[in-house]
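Colleague: Pick one part of this model and take me through it closely. I would like to hear what surrounds it and what lies behind it.

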Amino acid sequence: MEDDKRVKKGKNVDVPKSRSMLKDDHDVEGFDNGSARSKVVESMGQDPDDNDTGLTEGSETEGDVEFSRSDEEDIGINDQPTSEDSVHLSSFNLHLEHNLSQEEISDQRNRKFIWEIPAIGISNCKWTGTGENILEDLHINSCDSLKEKLYKHWMDVYKTSGGKDMYSPKQKIFVSLCSSYRDILYCNKRPFYLKGLEDISIMDAYIMHSLNHIFRTRDCVKKNDAKLTRLGESADIDRFRDQGFTRPKVLILLPLASIVYRVVKRLIQLTPSAYKVNVEHMDRFSSKFGSEEQEGYKENGQESENAKPQKSSKPTDFQVLFGGNNDDDFMIGIKFTRKTIKLFSDFHTSDIIIASALCLVNKIEEAEINKEKDVDFLSSIEVLIIDHADVIAMQNWSHVHTVIEHLNRIPSKQTGTDVMRIRPWYLDDYARFYRQTIILGFHSDPDINASFNHQCFNYEGKVKLICEYKGVLHKVLPDIRQIYERFNVDSIVDADDARFDYFVEKVFPRIKDSDQGGIMLFISSYFEFIRIRNFLKSQNASFCLLGEYTTQSDVSRARLWFYERRRKIMLYTERSHFYHRYKVIRGVQNLIIYSLPKRKEFYPEIVNMLDGSDNMTCTALFSFLDKPRLERIVGATPAKRMVAAEKGVFVFCH
């Protein structure tokens with residue numbers, strides 16, 4: 001079985017007999033520059049007294065570190081008591097104690113997705129992965145990876161909330177995937193803002209995995225502390241390496257403060273009562289991340305009647321997504337002590353950090369300018385979770401790329417952690433190979449795929465979900481001929497130029513001399529938007545703009561000019577539609593989709609703007625590189641035919 005196979009992989013590993021890094025708040029240990037990793041230590045080069053927190057990785061107050069015998073026995077799988085002579089290796093132990101070879105490191109970039117298996121509970125989808133097929137013989141009724149207290153409390157929460165069969169095979173498989181410590185790309189997660197039942201089970205799974213990782217880390221360190229105290233100077237310190245440079249081990253990236261509110265409320269709810277006798281700064285949290293619309297949030301993870309969106313011309317999903325706190329520049333640290341959850345804890349001494357990519361990028365830039373500041377709290381992240389990746393992609397995925405690039409770097413300052421307790425692979429700068437990345441979203445796109453393929457180097461391997469789509473053409477209401485024109489492209493490097501050249505040579509000549517007007521150019525990318533805008537300027541074309549950075553007064557003026565035919569062409573971006581979701585833009589007669597939308601639901605909304613026009617025409621440009629977007633719009637089967645057929649023009653009528 002999975003653990004049996006993994007034990008073979010880790011057979012050359014010495015399981016550490018740990019000690020706790022939970023020291024008194026004022027007890028700061030320096031680094032031994034005479035150690036085997038002295039070069040790494042010296043690169044951190046600052047006296048511990050200069051650290052702005054003065055805290056060690058696991059520093060807590062004396063009351064926080066109270067550690068009873070019952071807790072000491074709560075180490076190992078399913079809370080089975082352990083002894084020094086017999087340690088039940090969990091997936092947590094096996095993953096972190098593995099000795100990574102140079103061969104494994106060299107193979108990271110060459111790994112291929114070599115196996116696939118149908119996804120239980122998800123229609124028209126399959127799992128595919130690198131390395132060993134861990135799902136082939138998976139026992140979905142087993143949840144050995146979770147500590148028993150966590151698992152029992154999780155089930156109690158479901159029973160209390162009246163949930164029926166919420167712990168489904170689909171959820172169990174996802175929990176097992178998380179526990180395997182493989183990188184995961186799961187872009188079929190039904191979000192809370194769509195009609196129907198929210199796929200809260202996946203959010204629960206990654207929250208439980210995060211809690212399990214944090215508590216197992218704490219148990220391991222506390223147990224090692226106790227052993228070291230007992231053994232004294234006779235202890236073999238190399239067997240007690242159980243820490244990173246800094247304490248934070250889990251980073252969760254989210255797009256909006258309102259979603260942070262949902263996740264943290266659920267995290268608190270899923271934390272066993274023994275660990276949350278007190279939740280500090282809850283009022284401050286509700287004030288900063290909540291809103292009046294979210295006051296009715298129920299403890300079972302669902303929205304109350306008071307949280308329903310008010311009547312609006314905007315689509316329901318837009319109202320729900322943006323109905324709360326829309327702040328996209330936020331960061332909060334969460335620390336677990338003996339019986340307390342501390343919200344707004346110092347980032348360097350938190351267990352979990354929840355942030356927006358924008359906020360982290362700002363802090364990274366501040367640290368580059370001001371050497372007194374640092375982002376060393378990102379140095380020891382072992383689990384990275386990116387939820388609602390599709391929404392983040394509409395904001396700015398390049399921020400996520402930047403954040404991932406700055407994870408698991410050697411700290412710029414001395415952190416105060418005892419270097420003799422730091423795991424060797426941290427000192428060897430191999431931490432990125434041990435980091436698990438879990439990316440979740442409603443759908444994927446090339447940017448998300450690129451980060452998963454080229455920024456995730458987990459030695460355990462990768463697993464991703466692949467789905468076949470039925471398309472959304474049936475949601476186009478008016479009887480419109482939708483013409484798809486394929487342009488040729490040799491490689492992804494030439495894709496933008498090929499699209500632009502096709503537009504300039506084939507499409508623009510058809511519209512530049514038109515007296516009709518009412519031409520809407522829908523553009524997915526902001527960079528494409530700028531390029532087309534500059535081209536139209538060079539041609540002295542009559543056009544107006546509806547971009548994401550267009551002011552409200554300019555938007556109103558542009559819409560009026562377009563409707564009255566004072567401007568023949570309107571440039572409209574996907575991000576502008578994402579943030580405004582105009583149901584109607586009056587005056588559209590001819591729709592040209594320069595680049596297909598990332599979000600499939602936008603396609604019928606844009607095309608339906610032609611409804612009521614005199615001469616409705618719709619033209620969409622695509623290449624074989626647009627196949628993922630094409631599949632979501634026209635369906636998987638037609639998309640395969642369209643990218644491979646000899647002819648390059650296709651017509652759909654509905």
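Modeller: I pick the second largest pocket. Five helices each supply at least two residues of its lining: H13 (389-405), H15 (446-454), H16 (495-511), H17 (526-538) and H19 (574-580). Helices (H or I, at least four residues) and strands (E, at least two) are DSSP runs, numbered from the N terminus. The model is predicted: local features need pLDDT of at least 70, side-chain atom pairs count only at pLDDT 80 or more, and totals for chains, interfaces and linings use all residues. Residues are numbered from 1 along each chain as its sequence is written, and side-chain values use heavy atoms, with hydrogens and water left out.

Among the helices, H13 gives the most to this lining, with 6 residues. By class, the lining has 13 nonpolar, 7 polar and 11 charged residues. Ala, Val, Leu, Ile, Met, Phe, Trp, Tyr, Cys and Pro count as nonpolar, Asp, Glu, Lys and Arg as charged, and the others, Gly among them, as polar.

The second largest pocket holds about 1000 Å³ of space. Of its 31 lining residues, Asp447, Asp496, Ser525, Lys598 and Arg629 are the closest to its centre. A pocket is an open set of points on a 1 Å grid over the protein atoms alone where a 1.4 Å probe fits, with protein on both sides within 12 Å along at least five of seven lines; lining residues have an atom within 4 Å of a point. Points are joined across faces, edges and corners, and the volume is the space filled by probe spheres set on them.

Now the sheet. It is open and has 7 strands, in the order S14-S15-S13-S16-S17-S12-S18. The pairing is mixed. Strands S14 (543-546) and S18 (649-653) stand at the edges with a single partner strand each, so one side of each has no neighbour in the sheet. Neighbouring strands are turned by 20° against each other on average, direction ignored.

S13 (residues 519-523) and S16 (residues 590-593) run parallel and are joined by 4 bridges; two strands pair if DSSP finds at least two.

H16 returns here. This helix, which supplies pocket lining, also packs on the sheet. H16 touches strands S12 (481-486), S13, S15 (569-573), S16 and S17 (617-622). Contact means heavy atoms within 4.5 Å. The direction of H16 makes about 160° with that of S17. Axes are lines fitted to C-alpha atoms, for helices over the stretch in contact, and angles run from 0 to 180 degrees between N-to-C directions.

Helix H18 (residues 552-563) packs on the sheet too. H18 touches S13, S14 and S15, and its direction makes about 140° with that of S14.

Follow S12 next. S12 pairs with S17 in the parallel sense, over 5 bridges. In that pair, Tyr484 stands opposite Ala620 of S17. S12 also runs antiparallel to S18, again with 5 bridges. There, Ile483 has Val651 of S18 as its bridge partner. S18 is one of the edge strands.

H13 remains the top contributor to the lining.
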